Amino acid sequence: MIPAAMRAVILREYQAGLDHLSVDDFPIPQPGDHDVIVKMTSAPVHPSDLAFIQGRYGFRRALPTVPGFEGSGVILAVGAQANQTLIGQRVACLATRADGTWAQYLCTGEQDVIPLPNSISDDLAAALLVNPLSAWAMVDLARASGAKAIVQTAAAGALGKMIMRLCQRWGIETINIIRREAQISELEQSGARYILNSSEPTFDKHLRELCVTLGAHIAFDAVGGSLSASVLRALPNGSTLIIYGGLDGQPAQFTVDQFIFRAKQVRGFWLSHWMRDVSSETRAEALMDILANSEDFTSPIAGRYPLEQAPQALQTYESSMTAGKVLLIP
Ligand SMILES: NC(=O)c1ccc[n+]([C@@H]2O[C@H](COP(=O)([O-])OP(=O)(O)OC[C@H]3O[C@@H](n4cnc5c(N)ncnc54)[C@H](OP(=O)(O)O)[C@@H]3O)[C@@H](O)[C@H]2O)c1
């Protein structure tokens, strides 16, 4: 039996800042033919969620809406044409309908839930899709291009560590860029051999030298702004910079010689496009690898907050992202 209403975090207006969300009663939609209703267990806060509530993400939803792009829970009900055996299954889920995961219930497509084996903990399940699939997809791009080494920014973040661990498993060296000294020891403990601090005056020179020594021709950048330009400059001729995040919030300025005389390229990566464009076999391969090697795709958890404390949870997360993911528990 699907209740008529639930408690949910509600976004009523896209605007800058983090203090414009409220927690209130919100209707639960009836599932469409191929939809499922998930009773949520937990949902993480990602940088993309912060960008979404501020109107800076790749799309907007009609307001009011519930934010939250992923999470985990148990299937409560399914639509008339959906797979009935899903009922009662513990799943990881992506929000692909009108509203998101920061709520007691989620209505989403049946193809957007992944049944979970017992080996996957609730903490891991909460953030099992967005970052792990992105890491897998990007490192797979590097592997397909024959890369021996890659450069990555925001390396101490959850996704950065996944990229590093997957590269280690697939025999690709990583040059890991962080911005604070305190982030070095944790990355070293995870096995990183090459770590550069972008705040150091010697950063550009050392990055250039390492790229040549290790043969890095591909870089993944989550930061944007002046760091994107520095990384592109440091890469050898013919390299590709793939931008997948804009944590800096500033535009990147590239000099044209990088493209004309040095034959470098800049392109973007968005998981939504990757999911749309790759074959179902590739998506299945990625998911099977993530489930089978889940230790490569774990994120530290910095805290768990009830829905009612969502505004506080967002502030905590933004003030110290490297500390780990913040989970909202309905
Ligand atoms: N394109 C896609 O499909 C896709 C998919 C998934 C994720 N992403 C993006 O991937 C990025 C990382 O996500 P995540 O979940 O790994 O985040 P996270 O765990 O919160 O980590 C973010 C990391 O970036 C660092 N950082 C934040 N602002 C920075 C800045 N201005 N300059 C340099 N470093 C900065 C943080 O360090 P501090 O602790 O010093 O702040 C932290 O180490 C985000 O931009 C997210 O939107 C994109």
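Helices (H or I, at least four residues) and strands (E, at least two) are DSSP runs numbered from the N terminus, and axes are lines fitted to C-alpha atoms, for helices over the stretch in contact, with angles from 0 to 180 degrees between N-to-C directions. The model is predicted, so that local features need pLDDT of at least 70 and side-chain atom pairs count only at pLDDT 80 or more, whereas totals for chains, interfaces and linings use all residues. Residues are numbered from 1 along each chain as its sequence is written, and side-chain values use heavy atoms, with hydrogens and water left out.

The axes of helix H3 (residues 130-144) and helix H10 (residues 280-292) come within 10 Å and cross at roughly 115 degrees, which makes H3 roughly perpendicular to H10 (65 to 115 degrees). Contact, meaning heavy atoms within 4.5 Å, involves the residues tabulated here.

| Helix | Residues in the contact |
|---|---|
| H3 | Pro132, Leu133, Trp136, Arg143 |
| H10 | Thr282, Glu285, Ala286, Leu287, Asp289, Ile290 |

An automatic or database domain assignment divides the protein into domain 1 (5-127 + 299-329) and domain 2 (131-273), whose C-alpha centres lie 29 Å apart. Between them, 12 residues of domain 1 are in contact with 11 residues of domain 2. The area buried between domain 1 and domain 2, that is, the accessible area (1.4 Å probe) that two parts lose on being put together, summed over both, is about 810 Å², and carbon and sulfur atoms give 56% of it. Of the area that domain 1 buries against domain 2, Ala127, Ser299 and Thr322 supply 46%, more than any other three residues.

Terms used
Angles under 35 degrees count as roughly parallel, over 145 as roughly antiparallel, 65 to 115 as roughly perpendicular and the rest as oblique.
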